[in-house]
Amino acid sequence: MKIVAPIMPSNFEEAQSIDVSKYDGADLIEWRADFLPKEDILTIAPAIFENFAGREIIFTLRTDREGGNINLTDEEYIAIIKEINAIYNPDFIDFEYFSHKAVFNEMLDFPNLILSYHNFEETPENLMEAFSEMTKLAPRVVKIAVMPKSQQDVLDLMNYTRGFKALNPEQIYATISMGRLGRLSRFAGDVVGSSWTFVSLDSQVAPGQVSLNDMKKVIEILESDK
């Protein structure tokens, strides 16, 4: 299971002063560009990609439709993604599939897509359909993060992940049941077929996130033969 850690600078000075050593235990770096004004994203991008040269980077522009900090039209959203991809070619690009489905056809030639779906309100009854629809498109990664209202919601997400992974062993899944109730899902990836787990550094960007250091300890315990 790979550990994904976020960087969330809100201005150029913060981007320049990132302590890269804090990320030594992370396998992937997720740049949450939505903490910036849209007009500053391309200006600050060089500092991000230079600071983390040689590391795998996810470019994420999380909109307020899915719990993020920026409001964009479909056209603005896809224009920023395309420009970042053309100049910097990040290892992964997060695309909010259901929120920006109208312009998904413009992403068909992108080989590095994470198709994502976030629901901070509930674990919807049609969750299996969301798994199925995104899996059929065969992106690099299918990411689903939902909020549980019950223990059964947590188990449903984990069972769906296990089932879809068994049927699609080559597909990478990253699935999270959020909040304290769903925290187990962040540790159980190797069992259910979720390949990535998302951690926090200085502050949580999603409910129930565990710190990078704590996650490393948990994974060490889980992988130990003792």
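Here is a short chat about the predicted model shown above.

Biologist: Hi! What should I know about the model before we start?
Modeller: The model is predicted, so local features need pLDDT of at least 70 and side-chain atom pairs count only at pLDDT 80 or more, while totals for chains, interfaces and linings use all residues. Residues are numbered from 1 along each chain as its sequence is written, and side-chain values use heavy atoms, with hydrogens and water left out.

Biologist: Thanks! How many helices and strands are in the chain?
Modeller: The chain has eight helices and nine strands, taken as DSSP runs (helices: H or I, at least four residues; strands: E, at least two) and numbered from the N terminus.

Biologist: And how much of the chain is buried?
Modeller: Of its 226 residues, 51% count as buried, meaning under 20% relative accessible area with a 1.4 Å probe, protein chains only.

Biologist: New topic: where is Arg62?
Modeller: Arg62 sits in the loop between β3 (56-60) and α3 (74-88).

Biologist: Buried or exposed?
Modeller: Arg62 is buried, as its relative accessible area is 3%.

Biologist: Which side chains have a polar contact with that of Arg62?
Modeller: Asp94 has one at 3.0 Å, and His118 has one at 3.3 Å. A polar contact is a pair of N or O atoms within 3.5 Å; within protein, one must be able to donate a hydrogen and the other to accept it, and residues adjacent in sequence count only if both atoms are side-chain atoms.

Biologist: Which other residues is Arg62 in contact with?
Modeller: Leaving aside neighbours within four places in sequence, the contacts of Arg62 include Glu30, Arg32, Asp34, Glu96 and Lys143, with contact meaning heavy atoms within 4.5 Å.

Definitions and conventions
Buried < 20%, exposed > 50% of the residue type's maximum accessible area, 1.4 Å probe, protein only.
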